[in-house]
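I'd like to walk you through one structure, so let me put it up on the screen.

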Amino acid sequence: MISIPTERKVLNENDRLAAGIRKALEATHTLSLNFIGSPGAGKTGFLERTLRMLPAGTRAAVLTGDIQTENDAIRLARYGYPVRQITTAGACHLDARMVESHLIDWDLEGLDLLLIENVGNLVCPTSYDLGEDGKVVILSVAEGEDKPLKYPGIFRKAELMILSKTDLLPFVPFNAELACDCARSVHPDIEIIEASSMTGDGFGQWMDWLERRMQGKQILAEDFAAAIQ
Amino acid sequence: MHEMGIASSILEAVQKELLRYPGYRAAKVDVRIGAYAGVDAESLRFCFDAIVKDSPQAPLELAIEPGTGDELDFSSMEFEEVNA
(Lines give C-alpha, C1' and ligand atoms only; values in the text may rest on other atoms or scores of the structure.)
Protein backbone atom coordinates (compact mmCIF):
# COMPACT_ATOMS: atom_id res chain seq x y z
CA MET A 1 0.00 0.00 0.00
CA ILE A 2 1.33 3.41 -0.87
CA SER A 3 -0.04 6.75 0.28
CA ILE A 4 0.17 9.60 -2.18
CA PRO A 5 -0.10 13.15 -0.87
CA THR A 6 -2.50 14.97 -3.20
CA GLU A 7 -2.74 18.43 -1.71
CA ARG A 8 -4.93 20.12 -4.26
CA LYS A 9 -8.47 21.25 -4.76
CA VAL A 10 -11.15 18.75 -5.62
CA LEU A 11 -12.37 21.21 -8.24
CA ASN A 12 -8.84 21.62 -9.56
CA GLU A 13 -9.95 21.14 -13.16
CA ASN A 14 -12.68 23.77 -12.83
CA ASP A 15 -10.25 26.17 -11.18
CA ARG A 16 -7.71 25.63 -13.96
CA LEU A 17 -10.28 26.55 -16.60
CA ALA A 18 -11.47 29.51 -14.50
CA ALA A 19 -7.91 30.79 -14.26
CA GLY A 20 -7.70 30.68 -18.06
CA ILE A 21 -10.92 32.67 -18.40
CA ARG A 22 -9.70 35.20 -15.80
CA LYS A 23 -6.44 35.66 -17.68
CA ALA A 24 -8.25 36.17 -20.99
CA LEU A 25 -10.59 38.77 -19.43
CA GLU A 26 -7.63 40.44 -17.74
CA ALA A 27 -5.92 40.87 -21.08
CA THR A 28 -9.02 42.42 -22.66
CA HIS A 29 -9.84 44.61 -19.59
CA THR A 30 -13.29 43.05 -19.42
CA LEU A 31 -15.01 43.31 -16.04
CA SER A 32 -16.98 40.13 -15.33
CA LEU A 33 -19.54 39.66 -12.57
CA ASN A 34 -21.23 36.45 -11.47
CA PHE A 35 -24.83 37.05 -10.24
CA ILE A 36 -26.10 34.47 -7.78
CA GLY A 37 -29.48 34.29 -6.04
CA SER A 38 -32.44 32.01 -5.34
CA PRO A 39 -34.91 31.21 -8.10
CA GLY A 40 -37.22 34.22 -8.22
CA ALA A 41 -34.86 36.65 -6.46
CA GLY A 42 -35.09 38.94 -9.48
CA LYS A 43 -31.75 38.29 -11.16
CA THR A 44 -33.02 38.54 -14.73
CA GLY A 45 -35.14 41.63 -14.00
CA PHE A 46 -32.17 43.29 -12.35
CA LEU A 47 -29.96 42.59 -15.36
CA GLU A 48 -32.67 43.82 -17.73
CA ARG A 49 -32.86 47.17 -15.98
CA THR A 50 -29.05 47.30 -15.84
CA LEU A 51 -28.78 46.78 -19.61
CA ARG A 52 -31.40 49.49 -20.19
CA MET A 53 -29.43 51.95 -18.07
CA LEU A 54 -25.89 51.28 -19.28
CA PRO A 55 -24.27 54.43 -20.68
CA ALA A 56 -24.39 54.56 -24.48
CA GLY A 57 -21.31 52.98 -25.96
CA THR A 58 -20.77 50.46 -23.16
CA ARG A 59 -19.73 47.21 -24.73
CA ALA A 60 -21.55 44.60 -22.66
CA ALA A 61 -22.59 40.99 -23.08
CA VAL A 62 -24.58 38.53 -20.98
CA LEU A 63 -24.39 34.80 -20.30
CA THR A 64 -27.45 33.46 -18.56
CA GLY A 65 -27.71 30.01 -17.00
CA ASP A 66 -30.82 27.92 -16.46
CA ILE A 67 -31.54 24.24 -16.17
CA GLN A 68 -34.04 24.45 -19.02
CA THR A 69 -35.51 27.02 -21.48
CA GLU A 70 -34.11 29.95 -23.43
CA ASN A 71 -36.63 32.29 -21.79
CA ASP A 72 -34.12 34.45 -19.95
CA ALA A 73 -31.95 34.91 -23.02
CA ILE A 74 -35.01 36.04 -24.97
CA ARG A 75 -35.87 38.57 -22.24
CA LEU A 76 -32.31 39.87 -22.01
CA ALA A 77 -31.74 40.06 -25.77
CA ARG A 78 -34.27 42.89 -26.11
CA TYR A 79 -31.72 45.54 -25.10
CA GLY A 80 -29.39 45.24 -28.05
CA TYR A 81 -26.47 43.49 -26.36
CA PRO A 82 -25.20 40.02 -27.23
CA VAL A 83 -26.78 37.42 -24.97
CA ARG A 84 -26.22 33.71 -24.78
CA GLN A 85 -28.22 31.12 -22.84
CA ILE A 86 -26.38 28.32 -21.09
CA THR A 87 -28.82 25.45 -20.55
CA THR A 88 -27.30 23.11 -18.01
CA ALA A 89 -29.78 20.26 -18.59
CA GLY A 90 -29.96 19.35 -14.94
CA ALA A 91 -26.89 20.86 -13.35
CA CYS A 92 -27.76 23.26 -10.53
CA HIS A 93 -24.88 25.69 -11.21
CA LEU A 94 -22.65 27.01 -13.96
CA ASP A 95 -19.07 25.78 -14.10
CA ALA A 96 -16.02 27.18 -15.82
CA ARG A 97 -16.22 24.70 -18.68
CA MET A 98 -19.71 25.90 -19.61
CA VAL A 99 -18.63 29.54 -19.50
CA GLU A 100 -15.51 28.85 -21.52
CA SER A 101 -17.41 27.00 -24.24
CA HIS A 102 -20.01 29.77 -24.52
CA LEU A 103 -17.38 32.52 -24.76
CA ILE A 104 -15.43 30.73 -27.42
CA ASP A 105 -16.26 32.79 -30.50
CA TRP A 106 -17.03 36.08 -28.78
CA ASP A 107 -14.58 38.91 -29.35
CA LEU A 108 -13.59 39.63 -25.75
CA GLU A 109 -11.33 42.42 -26.95
CA GLY A 110 -14.50 44.31 -27.79
CA LEU A 111 -16.13 43.81 -24.37
CA ASP A 112 -15.99 46.13 -21.34
CA LEU A 113 -18.46 44.16 -19.28
CA LEU A 114 -19.52 40.52 -19.05
CA LEU A 115 -22.55 39.82 -16.88
CA ILE A 116 -23.07 36.18 -15.92
CA GLU A 117 -26.43 35.17 -14.48
CA ASN A 118 -25.99 31.90 -12.63
CA VAL A 119 -28.64 29.20 -12.19
CA GLY A 120 -31.09 30.19 -9.43
CA ASN A 121 -29.53 28.57 -6.36
CA LEU A 122 -27.76 29.87 -3.25
CA VAL A 123 -25.65 26.79 -2.58
CA CYS A 124 -23.93 25.09 -5.51
CA PRO A 125 -22.85 28.10 -7.64
CA THR A 126 -20.79 29.23 -4.64
CA SER A 127 -18.29 26.39 -5.14
CA TYR A 128 -17.56 27.04 -8.81
CA ASP A 129 -15.16 29.79 -9.84
CA LEU A 130 -16.12 31.07 -13.29
CA GLY A 131 -13.09 33.31 -13.70
CA GLU A 132 -15.16 36.34 -12.71
CA ASP A 133 -13.87 39.50 -11.03
CA GLY A 134 -16.53 39.34 -8.37
CA LYS A 135 -19.69 37.67 -7.19
CA VAL A 136 -22.89 39.65 -6.61
CA VAL A 137 -25.59 38.03 -4.49
CA ILE A 138 -29.19 39.08 -5.04
CA LEU A 139 -31.62 38.69 -2.14
CA SER A 140 -35.22 39.81 -2.58
CA VAL A 141 -37.49 41.26 0.08
CA ALA A 142 -39.94 38.45 -0.69
CA GLU A 143 -37.52 36.03 1.00
CA GLY A 144 -36.53 35.66 4.64
CA GLU A 145 -34.25 38.20 6.32
CA ASP A 146 -32.14 35.36 7.68
CA LYS A 147 -31.16 33.91 4.27
CA PRO A 148 -27.55 35.10 4.83
CA LEU A 149 -27.43 33.03 8.02
CA LYS A 150 -28.95 29.99 6.34
CA TYR A 151 -26.70 30.17 3.26
CA PRO A 152 -23.56 31.85 4.63
CA GLY A 153 -21.22 30.56 1.90
CA ILE A 154 -22.42 32.83 -0.87
CA PHE A 155 -22.82 35.88 1.40
CA ARG A 156 -19.22 35.43 2.52
CA LYS A 157 -17.92 35.20 -1.02
CA ALA A 158 -20.01 37.95 -2.61
CA GLU A 159 -18.50 41.44 -2.57
CA LEU A 160 -21.87 43.08 -3.13
CA MET A 161 -25.39 42.22 -2.05
CA ILE A 162 -28.33 43.61 -3.96
CA LEU A 163 -31.47 43.74 -1.83
CA SER A 164 -33.97 43.52 -4.65
CA LYS A 165 -37.69 44.15 -5.15
CA THR A 166 -37.73 46.97 -2.59
CA ASP A 167 -40.93 48.25 -4.25
CA LEU A 168 -42.64 45.35 -2.45
CA LEU A 169 -41.57 46.53 1.02
CA PRO A 170 -44.94 48.15 1.86
CA PHE A 171 -46.69 44.84 1.18
CA VAL A 172 -44.45 42.24 2.79
CA PRO A 173 -43.35 41.72 6.40
CA PHE A 174 -39.64 42.16 5.67
CA ASN A 175 -37.18 44.01 7.88
CA ALA A 176 -34.49 45.33 5.52
CA GLU A 177 -32.26 46.45 8.37
CA LEU A 178 -32.34 42.97 9.89
CA ALA A 179 -31.49 41.39 6.51
CA CYS A 180 -28.48 43.72 6.14
CA ASP A 181 -27.37 42.93 9.71
CA CYS A 182 -27.58 39.20 8.93
CA ALA A 183 -25.46 39.68 5.79
CA ARG A 184 -22.87 41.74 7.69
CA SER A 185 -22.74 39.20 10.50
CA VAL A 186 -21.37 36.61 8.06
CA HIS A 187 -19.37 39.14 5.96
CA PRO A 188 -18.67 42.44 7.75
CA ASP A 189 -17.27 44.15 4.63
CA ILE A 190 -20.04 43.22 2.20
CA GLU A 191 -21.38 46.21 0.28
CA ILE A 192 -25.17 46.46 0.11
CA ILE A 193 -27.39 48.28 -2.37
CA GLU A 194 -31.17 48.31 -2.00
CA ALA A 195 -32.82 48.40 -5.39
CA SER A 196 -36.05 47.93 -7.29
CA SER A 197 -35.92 46.81 -10.89
CA MET A 198 -39.55 47.93 -11.24
CA THR A 199 -39.15 51.56 -10.14
CA GLY A 200 -35.41 52.01 -10.70
CA ASP A 201 -34.82 53.00 -7.06
CA GLY A 202 -31.22 52.31 -6.08
CA PHE A 203 -30.04 51.94 -9.66
CA GLY A 204 -28.15 55.24 -9.52
CA GLN A 205 -26.03 53.81 -6.73
CA TRP A 206 -25.66 50.48 -8.55
CA MET A 207 -24.62 52.10 -11.84
CA ASP A 208 -22.02 54.19 -9.94
CA TRP A 209 -20.69 51.00 -8.35
CA LEU A 210 -20.51 49.29 -11.72
CA GLU A 211 -18.81 52.23 -13.39
CA ARG A 212 -16.25 52.44 -10.59
CA ARG A 213 -15.45 48.73 -10.94
CA MET A 214 -15.19 49.01 -14.73
CA GLN A 215 -12.84 51.97 -14.41
CA GLY A 216 -10.81 50.08 -11.82
CA LYS A 217 -10.36 47.24 -14.26
CA GLN A 218 -9.24 49.62 -17.01
CA ILE A 219 -6.73 51.31 -14.70
CA LEU A 220 -5.37 47.97 -13.52
CA ALA A 221 -5.01 46.93 -17.12
CA GLU A 222 -3.16 50.16 -17.99
CA ASP A 223 -0.84 49.72 -15.00
CA PHE A 224 -0.18 46.20 -16.14
CA ALA A 225 0.53 47.32 -19.70
CA ALA A 226 2.87 50.05 -18.41
CA ALA A 227 4.64 47.58 -16.14
CA ILE A 228 5.43 45.12 -18.90
CA GLN A 229 6.67 47.78 -21.32
CA MET B 1 -27.33 19.45 -4.43
CA HIS B 2 -24.17 19.37 -6.56
CA GLU B 3 -22.61 16.53 -4.60
CA MET B 4 -22.93 14.22 -7.61
CA GLY B 5 -20.73 16.61 -9.60
CA ILE B 6 -18.19 16.76 -6.77
CA ALA B 7 -18.26 12.95 -6.48
CA SER B 8 -17.51 12.66 -10.22
CA SER B 9 -14.65 15.14 -9.89
CA ILE B 10 -13.16 13.04 -7.07
CA LEU B 11 -13.44 9.79 -9.02
CA GLU B 12 -11.97 11.40 -12.16
CA ALA B 13 -9.03 12.74 -10.17
CA VAL B 14 -8.36 9.29 -8.70
CA GLN B 15 -8.48 7.74 -12.17
CA LYS B 16 -6.09 10.39 -13.48
CA GLU B 17 -3.66 9.91 -10.59
CA LEU B 18 -3.76 6.11 -11.07
CA LEU B 19 -2.39 6.51 -14.60
CA ARG B 20 0.89 7.53 -13.01
CA TYR B 21 1.07 4.29 -10.99
CA PRO B 22 0.81 1.32 -13.33
CA GLY B 23 0.13 -1.95 -11.49
CA TYR B 24 -1.72 -0.24 -8.67
CA ARG B 25 -5.39 0.16 -7.80
CA ALA B 26 -6.93 2.82 -5.58
CA ALA B 27 -8.11 1.72 -2.14
CA LYS B 28 -8.92 5.00 -0.46
CA VAL B 29 -9.22 8.71 -1.18
CA ASP B 30 -9.13 11.38 1.53
CA VAL B 31 -10.79 14.77 1.18
CA ARG B 32 -11.15 17.72 3.53
CA ILE B 33 -14.40 19.67 3.53
CA GLY B 34 -14.83 22.98 5.33
CA ALA B 35 -18.09 24.11 6.89
CA TYR B 36 -18.51 26.81 4.22
CA ALA B 37 -17.71 24.59 1.24
CA GLY B 38 -21.42 24.11 0.59
CA VAL B 39 -20.96 20.36 0.39
CA ASP B 40 -22.89 17.93 2.55
CA ALA B 41 -20.64 15.06 3.61
CA GLU B 42 -23.38 12.44 3.89
CA SER B 43 -24.83 13.33 0.52
CA LEU B 44 -21.36 13.28 -1.05
CA ARG B 45 -20.72 9.84 0.41
CA PHE B 46 -24.03 8.57 -0.96
CA CYS B 47 -23.29 9.93 -4.46
CA PHE B 48 -19.70 8.72 -4.40
CA ASP B 49 -20.67 5.16 -3.42
CA ALA B 50 -23.33 5.13 -6.13
CA ILE B 51 -20.92 6.04 -8.94
CA VAL B 52 -17.98 3.98 -7.66
CA LYS B 53 -20.11 0.82 -7.39
CA ASP B 54 -20.32 0.43 -11.17
CA SER B 55 -16.84 1.71 -11.97
CA PRO B 56 -13.61 -0.25 -12.45
CA GLN B 57 -12.36 1.45 -9.26
CA ALA B 58 -14.81 -0.40 -6.96
CA PRO B 59 -14.32 -0.95 -4.08
CA LEU B 60 -12.93 2.49 -3.20
CA GLU B 61 -13.27 4.11 0.20
CA LEU B 62 -13.99 7.81 0.59
CA ALA B 63 -12.66 9.32 3.82
CA ILE B 64 -13.95 12.76 4.74
CA GLU B 65 -12.15 14.96 7.26
CA PRO B 66 -13.36 18.32 8.53
CA GLY B 67 -11.55 21.24 6.86
CA THR B 68 -11.50 24.98 7.45
CA GLY B 69 -13.57 27.71 5.76
CA ASP B 70 -14.67 26.86 2.25
CA GLU B 71 -11.96 24.25 1.81
CA LEU B 72 -12.76 21.38 -0.55
CA ASP B 73 -9.39 19.70 -1.02
CA PHE B 74 -7.84 16.32 -1.54
CA SER B 75 -5.43 15.38 1.21
CA SER B 76 -4.18 11.97 0.04
CA MET B 77 -4.94 8.83 -1.91
CA GLU B 78 -3.95 5.29 -0.98
CA PHE B 79 -3.04 2.87 -3.77
CA GLU B 80 -2.32 -0.85 -3.41
CA GLU B 81 -0.46 -3.17 -5.73
CA VAL B 82 -2.67 -5.36 -7.91
CA ASN B 83 -1.96 -9.15 -7.51
CA ALA B 84 0.68 -8.41 -4.92
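Predicted model: local features only at pLDDT ≥ 70, side-chain atom pairs only at ≥ 80, totals over all residues.

Okay, the contact. Chain B puts in 22 residues, and chain A puts in 23 residues. Which elements of chain B give two or more residues to that side? They are α1 (3-18), β1 (24-33) and β3 (72-81) of chain B. Of these, β3(B) gives the most, with 9 residues. If you sort chain B's side by residue type, you get 11 nonpolar, 6 polar and 5 charged.

Strand β1 of chain A, residues 2-9, is joined to β3(B) by 6 bridges, and the two run antiparallel. If you want one pair to look for on screen, find A:P5, whose bridge partner in β3(B) is B:S76.

Now the helix, α2 of chain B, residues 41-53.

Which residues of α2(B) are buried? B:L44, B:C47, B:F48 and B:V52. They sit on the same side of α2(B), because they cover an arc of only 125° around the axis. The general idea is that an α-helix has 3.6 residues a turn, so residues three or four places apart point the same way. Over on the other side of α2(B), B:E42, B:A50 and B:K53 are exposed. And what covers the buried ones? That includes α1 and β2 (61-66) of chain B.

Key: Residues numbered from 1 in each chain as written. Chains lettered and ligands numbered in written order. Contact = placed C-beta atoms within 7 Å. Helix = DSSP H or I, 4+ residues; strand = E, 2+ residues; numbered from the N terminus. Nonpolar A, V, L, I, M, F, W, Y, C, P; charged D, E, K, R; others polar. Pairing = 2+ DSSP bridges. Expected span 1.5 Å × (residues − 1). Buried ≥ 20, exposed ≤ 12 C-beta atoms within 10 Å, placed from the backbone. Arc of directions from axis to C-beta.
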